[in-house]
Structure formats: C-alpha cells, structure tokens
Protein chains: 2
Amino acid sequence: MKRTSFAKLNCSLAQTLEVVGEWWSLLIIREAMWGTSRFDDFQSRLGLARNVLSTRLASLEKHQVLKRIPVVERSGSQAYVLTERGWDLLPSVAALMQWGDRWVHHKIGPPMEFFDSRTNKKLAPMVLRSDSGAAIDPSHIEARAGRGANRETKLRAAQALAQRSARRNRPSL
Amino acid sequence: MKRTSFAKLNCSLAQTLEVVGEWWSLLIIREAMWGTSRFDDFQSRLGLARNVLSTRLASLEKHQVLKRIPVVERSGSQAYVLTERGWDLLPSVAALMQWGDRWVHHKIGPPMEFFDSRTNKKLAPMVLRSDSGAAIDPSHIEARAGRGANRETKLRAAQALAQRSARRNRPSL
C-alpha cells in the first residue's frame with residue numbers, strides 16, 4: 001500500500017514516524033538493540049515475511065538508522081548494526097515499552113526489563129523533566145512554536161494554547 | 001491492507017504498537033494532546049482521508065486511548081478526548097519528537113517545543129535513568145526477562161546477553 005508521506009510535515013514526530021513508523025520497523029530496531037544482526041535471525045526471531053523484512057531493512061539503512069558491515073569470520077556475508085542515530089531511539093523504545101507494560105501487560109507483568117549493567121539498578125519510568133531536572137506534570141506541558149516552526153505550526157501552537165482551557169477535564173497522571 | 005497482528009507477541013513494545021503503531025495514529029494522538037477534539041478539526045489539521053481518520057479514531061477508542069464525550073453546547077455532537085491511558089503516551093510522543101528534532105530537523109530547529117507552563121522551563125531531553133535517578137549510558141542498558149516473560153522471551157533475553165560482546169563496536173551516545 002502506498003502511504004502518505006509525512007516528510008513534508010513541519011513536525012518532528014511526523015519526521016520520526018517517516019523513518020521508523022512503518023509496521024515492524026520499531027520491532028526490527030528493538031531486535032538490533034538486543035544484538036540481532038543477521039537477516040535470517042531477524043526473520044526467524046520476528047517471524048515476518050522475508051520481502052517485508054528486506055524492504056524495512058533497506059529503508060532503515062537508507063535513513064541511516066542501520067548500517068551494513070561485513071562479517072569478518074564469513075567472507076561475503078553482511079550484518080546490520082545500529083548507527084548512533086539508531087541507538088538514539090532507545091529512549092523512545094523504552095518509553096513505548098513501558099506504556100505496554102503499564103497498560104497492556106500489567107496483569108502478567110513486564111516480559112522484559114531494562115537494567116543498568118554497571119549498577120544492576122532497574123530503569124525507572126521515563127518521565128518528563130525540565131532543564132532543572134524537576135519532573136513536569138503532564139497537565140502542565142505546553143507546546144510552543146520553536147525556531148523551526150513554519151507559519152502553519154505557529155498558528156497551530158496559538159490554537160493549542162487557546163484550547164488549553166478545554167482540557168480542564170483532563171485527568172492528572 | 002491486512003496487517004500481521006502483534007497482539008500475541010510477548011513484548012510490551014509490540015503491544016504498544018498494536019494500539020498506536022498504525023500509520024497516522026500517533027499524529028492523531030499528538031493532535032488530541034494539543035486540544036483537537038472534533039472529527040472535522042482532526043481531518044483538516046492532519047489532512048488525512050476521512051475514511052482513514054474514521055478507522056483510526058474507532059481503533060483508538062476501542063483500545064481506550066481516546067473516548068467520546070458529548071459536546072455540551074451542540075446537542076448530538078461528540079468530541080474525542082484522551083483517556084488517562086492516552087495521556088500516558090506523552091513521554092513516548094516527547095521522546096520520538098526529540099529524536100526528530102535532533103536527527104531530521106536539526107538544521108531548521110525544532111518546529112514545536114515543550115515547556116512547563118508553571119515554571120516556564122523547557123522540557124529536557126528524555127534520558128534513561130535508574131531508580132536512583134542517575135542517568136544510564138545507553139551502552140550499559142541490559143534487557144532481562146521480567147515477571148511476564150514466556151519461555152521464548154527468556155531464551156531471547158539469554159541470547160541478547162550472550163550477544164552483548166558483539167556490541168562492542170557500538171558508539172556511546
């Protein structure tokens with residue numbers, strides 16, 4: 001299916017989804033984070049069709065999330081590894097995974113947990129913090145037009161501000 | 001297009017994507033976070049086809065991310081608002097958006113920025129922290145089987161641990 005491209009949208013969430021938002025892409029990235037690097041291993045561990053995997057890997061490579069490196073011990077063979085840009089998706093992956101832990105898998109408990117291998121401490125829930133380090137209550141988050149805002153985004157930011165009063169019935173988390 | 005369902009996968013990331021991973025879904029959630037609540041407003045602000053919007057809204061409502069409430073000032077009319085479960089996606093949305101700021105929109109600067117409306121301070125980058133509050137270097141993150149792990153996930157966690165040595169060429173962020 002031909003998708004609408006988000007590439008022209010003046011929104012960094014849309015840009016991220018343009019790169020990693022296709023069905024399966026984030027699960028491929030998760031696999032790469034856990035050390036999977038070979039086509040056949042991605043295929044057997046995720047259980048997706050080879051043509052879909054092939055398309056997704058090519059797209060993630062084109063967007064410099066993954067890169068191909070030669071496998072030293074098997075000449076002609078190649079492995080996919082995350083780039084710095086790819087590894088930088090870890091906070092997003094962790095936040096999405098914690099949401100699934102809380103809201104879908106809360107009865108059975110988390111299938112996977114993250115630890116700091118050096119201190120053996122568990123990853124805390126990802127929370128919004130200000131530059132000063134203080135946690136921000138989600139109900140106090142306000143979106144404002146940034147340096148890269150185009151005219152439409154500036155208008156949307158102004159609308160969002162005006163609509164804040166309509167959010168009074170929003171639960172505090 | 002009929003999608004492979006992730007619902008049976010023993011992975012909280014897959015479960016989250018099952019709920020919000022369809023093309024457009026997270027942008028609809030972003031719009032709702034900025035105060036958009038009416039079908040026509042979602043449609044005009046996102047510029048997606050009405051039938052796609054309708055399908056996505058129904059799915060997000062089914063998964064209790066959005067709920068419909070009557071619009072008091074216009075009888076018979078309804079609005080979509082985020083549930084507590086929906087608002088809890090804010091850390092994920094913020095993390096994904098920051099990735100786009102850093103890696104796609106870095107030349108023009110962020111189109112939107114988040115602030116704490118009470119302190120006027122900017123949202124800091126979402127970072128991985130342990131329970132003690134200390135930042136965790138992504139290269140020290142280790143995934144371990146959790147309480148809800150099935151047999152396959154336990155095997156995968158053991159494999160991931162064994163593969164950590166293969167990650168030595170991973171850049172530190």
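A:Asp88 is buried, with a relative accessible area of 11%. In this predicted model, A:Asp88 forms a salt bridge with B:Arg102, and their closest N and O atoms are 2.7 Å apart. That pair crosses between chains. Over all chains there are 16 salt bridges and eight aromatic pairs.

- A:Asp88 sits in the loop between helix H5 (84-87) and helix H6 (90-103) of chain A.
- Its partner, B:Arg102, belongs to helix H6 (residues 90-103) of chain B.
- B:Arg102 is partly exposed, at a relative accessible area of 35%, whereas A:Asp88 is buried at 11%.
- The 11% of A:Asp88 counts as buried because the cut-off for that class is under 20% relative accessible area.

**Other salt bridges**

- A:Glu31 and A:Arg30 meet through their side chains in a salt bridge of 2.8 Å, N to O.
- Both of these residues, A:Glu31 and A:Arg30, are buried.
- A network of salt bridges links A:Arg30, A:Glu31 and B:Arg156.
- A:Glu61 and A:Arg68 form a salt bridge, with the closest N and O atoms 3.1 Å apart.
- A:Glu61 is partly exposed, with a relative accessible area of 25%.
- A:Arg68 is also partly exposed, with a relative accessible area of 40%.

**Aromatic pairs**

- Among the eight aromatic pairs is A:Trp34 with A:Phe114, whose ring centres are 5.3 Å apart.
- The planes of A:Trp34 and A:Phe114 stand at 90°, so the pair is edge-to-face.
- This pair links distant parts of chain A, 80 residues apart.
- A:Trp34 lies in the loop between helix H2 (25-33) and helix H3 (39-46), and A:Phe114 lies in strand E3 (residues 112-116).
- A:Trp34 and A:Phe114 are both buried.
- In chain B, B:Trp34 and B:Phe114 form an edge-to-face pair, 5.3 Å centre to centre and with 90° between the planes.
- B:Trp34 is in the loop between helix H2 (25-33) and helix H3 (39-46) of chain B, and B:Phe114 is in strand E3 (residues 112-116) of chain B, so the pair ties together parts 80 residues apart in sequence.
- B:Trp34 and B:Phe114 are buried too.
- Ring pairs also join A:Phe6, B:Trp23 and B:Trp24 into a cluster.

**Charges over rings**

- A:Arg144 lies over the face of B:Phe115, 4.1 Å from the ring centre.
- B:Arg144 places its charged end over the ring of A:Phe115, at 4.1 Å from the centre.

Methods
Residues are numbered from 1 along each chain as its sequence is written. Chains are lettered from A and ligands numbered from 1 in the order in which they are written. This is a predicted model: local features need pLDDT of at least 70, side-chain atom pairs count only at pLDDT 80 or more; totals for chains, interfaces and linings use all residues. Side-chain values use heavy atoms; hydrogens and water are left out. Rings of Phe, Tyr and Trp (its six-membered ring) pair if their centres lie within 6.5 Å; planes under 30 degrees apart count as stacked, over 60 as edge-to-face and the rest as tilted. Helices (H or I, at least four residues) and strands (E, at least two) are DSSP runs, numbered from the N terminus. Buried means under 20% relative accessible area, exposed over 50%, partly exposed in between (1.4 Å probe, protein chains only). A charge sits over a ring if NZ of Lys or CZ of Arg is within 6 Å of the ring centre and within 35 degrees of the ring normal. A salt bridge is a side-chain nitrogen of Lys or Arg within 4 Å of a carboxyl oxygen of Asp or Glu.
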